[in-house]
Amino acid sequence: MNCSCFGASTQRQKRGVDLVHQDTAGCSTAKTKNISYSELRRATNNFHQSNKIGRGGFGIVYKGTLRNGMEVAVKTLSAESRQGLREFLTEIETISDIRHPNLVELIGYCLDGTNRILVYEYLENKSLDRALFGSSTSNVKLDWDTRAAICLGTGTGLAFLHEELVPHIVHRDIKASNILLDKDYKPKIGDFGLAKLFPDNITHITTQIKGTTGYLAPEYVMGRQLTSKADVYSFGVLLLETVSGRSSGSGTWQGQKSLLESAWEFYEEGKLLELVDPEMGDFPEKEVLKYIKVALFCTQEKANRRPIMSQVLDMLTRNIKLNEEELTPPGFFQDSGGFSSTQLKLKSSESSTSHQMSSVPLTITQVTPR
Ligand SMILES: Nc1ncnc2c1ncn2[C@@H]1O[C@H](COP(=O)(O)OP(=O)(O)OP(=O)(O)O)[C@@H](O)[C@H]1O
């Protein structure tokens, strides 16, 4: 597969390997525009409250207009966030030289004294979580065609990261709030602060668990084994959220069940359409059913049973019958109170084990040659 919109330079290849084996502090920012703090202060009307468009784990996000008239999202790193600094550098290193229609463009950055700021292209319709689960006033009631296009665009961006880029990139934090929507609701994947670069001879790395409850693949949570299949799992959860209009993060649906758990139960009972967002309006049943089933293929407990992203796209777009005899139950865990130091219970139809999750420094402890 080739993508003409990105030149995967050998320099990038080399820098990627360096990043994985060194600390992020060694990153190079040669290709990214350095924007002065005074320019960003001017662009955001002195970081005025009325320019504020959101707040994430990293800090506050403002809307701004650069001198050349370009509208941007200005993401400020809060001073107390040490973890944020690592993610700040990772983000610059990972996506500074990547351009793809389904990835948010990093326009520039600012490193000035204690100020650390990332500057992105501004996406008019903000994030998918707002569109899907926002308050009734902000909820735009996305129709099926728009939802399907959002899934396909996001899947295309992920396939590009996993299968076309060298080194490959595993995003590690695919979730609705990291999918941004342009004025036509075209999706772009953002927030590469947790991303990992995978040089060619490495199939998985063992790393500290990062990401968002509700989207985390079981082998990653339980065994800290990170491969691109962890993103495939998160993408499956995202598909379910997009079809159902329900957040996996809200934890419960139908009593104590997660969205994925409910989806599997509906599947087994042959009433999958009960999952569909009642706000969606008319929809093509066969196609929607296929999307839900593909989501179940993506969230199977065993990572090696999940398709790779280009196969996921084929399953979604081509008129092929899914081989449901091959489909195995999903793996998921329940988070019983706070994520970082919790008791996680692996739940599947085959196993039920308790594990204490430990927090260890970010290191590669194992590499497996292909
Ligand atoms: N490029 C952008 N264009 C428009 N709005 C944006 C952009 N980037 C972020 N936002 C808005 O700002 C909000 C906060 O974004 P941010 O990426 O900091 O956090 P998050 O993804 O919501 O949470 P976390 O940092 O915990 O993952 C988003 O939910 C979105 O609504």
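A crossing of two helices is left-handed if the near helix is turned anticlockwise from the far one by less than a right angle. In this predicted model, helix α7 passes helix α9 in a left-handed crossing. The paragraphs below place that crossing within the chain and then follow the helices around it.

The protein chain contains 10 helices and 15 strands. Of its 370 residues, 42% are buried.

Two packed helices are described by the angle between their axes and the distance between the axes. For α7, residues 228-244, and α9, residues 285-298, the axes come within 7 Å and cross at roughly 150°. Angles over 145 degrees count as roughly antiparallel, and α7 and α9 are therefore roughly antiparallel to each other. On the α7 side, the contact is made by V232, Y233, F235, G236, L239, L240 and V243; α9 contributes V288, Y291, I292, V294, A295 and C298. These residues divide into 12 nonpolar, one polar and no charged.

Helix α7 also packs with helix α5, residues 144-164, at an angle of about 175° and with the axes 10 Å apart. That angle makes α5 roughly antiparallel to α7. From α5, the contact draws on R147, I150, C151, T154, G155, L158 and H162, while α7 supplies S228, D231, F235, L238, L239, T242 and V243. Here the division is seven nonpolar, five polar and two charged residues.

Attention now turns to α9 itself. Its 14 residues reach 20 Å from the first C-alpha to the last, close to the 20 Å expected at 1.5 Å a residue. Buried residues in α9 are V288, Y291, I292, V294, A295, L296, F297 and C298. The elements that cover them include α5, α7, α8 (259-269) and α10 (309-317).

Because V243 has 27 C-beta neighbours inside 10 Å, it counts as buried; the cut-off for a buried residue is 20 or more. Leaving aside residues up to four places away in sequence, V243 touches R147, L275, V276, D277, V288, Y291 and I292. Y215, which is 28 residues from V243 in sequence, lies 16 Å from V243 in space, C-alpha to C-alpha.

Conventions. Residues numbered from 1 in each chain as written. Predicted model: local features only at pLDDT ≥ 70, side-chain atom pairs only at ≥ 80, totals over all residues. Helix = DSSP H or I, 4+ residues; strand = E, 2+ residues; numbered from the N terminus. Buried ≥ 20, exposed ≤ 12 C-beta atoms within 10 Å, placed from the backbone. Axes fitted to C-alpha atoms, helices over the stretch in contact; angles between N-to-C directions. Parallel < 35°, antiparallel > 145°, perpendicular 65-115°, else oblique. Contact = placed C-beta atoms within 7 Å. Nonpolar A, V, L, I, M, F, W, Y, C, P; charged D, E, K, R; others polar. Expected span 1.5 Å × (residues − 1).
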